[in-house]
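Here's a quick briefing to read alongside the model. Have the sequence and the structure open as you go.

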Amino acid sequence: MSDVVKDFNTEELIDYLGRKDLKLKETHFKILRKEEITGLAFLKLTKEDFRSIGFALVFEEISDDDKAFEHCMEDIILKLSNVETMTDANEATRCEFISSILHASIAIAKKLTSQDIFIVLQKDISGEDATGRVDYAIKVWKTSSVLPKGSHAILRLCSDSGATRECISNK
């Protein structure tokens, strides 16, 4: 998402966020207008910044003894101990670490949301924000009353010239 919104002015940001299934209300958009939040400023907002401008956000704390989190940290430490140097890390090296983080994140998100969430590797995507092959696609099967049963949303994590870009869409 960062590559998409970083150059947006306030109205372009509001239009973009309004098209996403983020459960934002008109009061949120009024706050963004009042504070004149642009795309780049939006990306730099911290949890405290969101709260200070009037967003009531819910953040879940992850316990240090969460099994998925522990496994992720152990896996990363093991991988770091086996990699000669990280100064010239290439995409393959980065993917090794991203994979551990993605799997742990999905396990934690499944537990917190009771949603069916899955990773799809090497997926072709096509949408308004991005098109092409991605390294990982994360499917979230919705069971809420907002979407028809069996429909789903996809959070697509795209690799773009070695940098990670997030693209969110509903399919």
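Lys79 is a lysine that counts as buried in this predicted model, because its relative accessible area is 16% and the cut-off for buried is under 20%. You'll find Lys79 in helix 6, which covers residues 67–82. Leaving aside residues up to four places away in sequence, Lys79 touches Glu96, Phe97 and Ser100.

**Helix 6 against helix 7**
- The axes of helix 6 and helix 7 (residues 91–113) come within 9 Å and cross at roughly 175 degrees.
- Helix 6 is therefore roughly antiparallel to helix 7, a label that applies to angles over 145 degrees.

**Helix 2 against helix 3**
- Helix 2 (residues 10–19) packs on helix 3 (residues 26–34) at an angle of about 160 degrees, and their axes are 10 Å apart.
- So helix 2 also gets a label: roughly antiparallel to helix 3.
- The crossing of helix 2 past helix 3 is right-handed.
- Helix 2 brings Thr10, Glu11, Ile14, Leu17 and Gly18 to the contact, and helix 3 brings Phe29, Leu32 and Arg33.
- By class, the contact of helix 2 with helix 3 has four nonpolar, two polar and two charged residues.

- Setting aside residues up to four places away in sequence, Thr10 touches Leu32, Arg33, Glu36, Ile37 and Thr38.
- One of those partners, Glu36, lies in the loop between helix 3 and helix 4 (39–44).
- Glu36 counts as exposed because its relative accessibility is 61%, and the cut-off for exposed is over 50%.
- Check the backbone here too: Glu36 has a positive phi of about 55 degrees, although it isn't a glycine.
- For background, most residues other than glycine have a negative phi.

**Asp135 in strand 2**
- Asp135 belongs to strand 2, which spans residues 131–141.
- Asp135 counts as buried because its relative accessibility is 18%, under the 20% limit.

**The whole chain**
- The protein chain has seven helices and four strands.
- Reading from the N terminus, the elements run α-α-α-α-α-α-α-β-β-β-β.
- Of the 171 residues in the chain, 32% are buried.
- Take the contacts between residues at least 6 apart in sequence: 40% of them join residues at least 24 apart.
- The chain exposes about 11,000 Å², and carbon and sulfur atoms supply 54% of that area.

Key. Residues numbered from 1 in each chain as written. Predicted model: local features only at pLDDT ≥ 70, side-chain atom pairs only at ≥ 80, totals over all residues. Heavy atoms only, no water. Helix = DSSP H or I, 4+ residues; strand = E, 2+ residues; numbered from the N terminus. Buried < 20%, exposed > 50% of the residue type's maximum accessible area, 1.4 Å probe, protein only. Contact = heavy atoms within 4.5 Å. Areas by Shrake-Rupley, 256 points an atom, 1.4 Å probe, with all protein chains shown as cover. Axes fitted to C-alpha atoms, helices over the stretch in contact; angles between N-to-C directions. Parallel < 35°, antiparallel > 145°, perpendicular 65-115°, else oblique. Left-handed = near helix turned anticlockwise from the far one by under 90°. Nonpolar A, V, L, I, M, F, W, Y, C, P; charged D, E, K, R; others polar.
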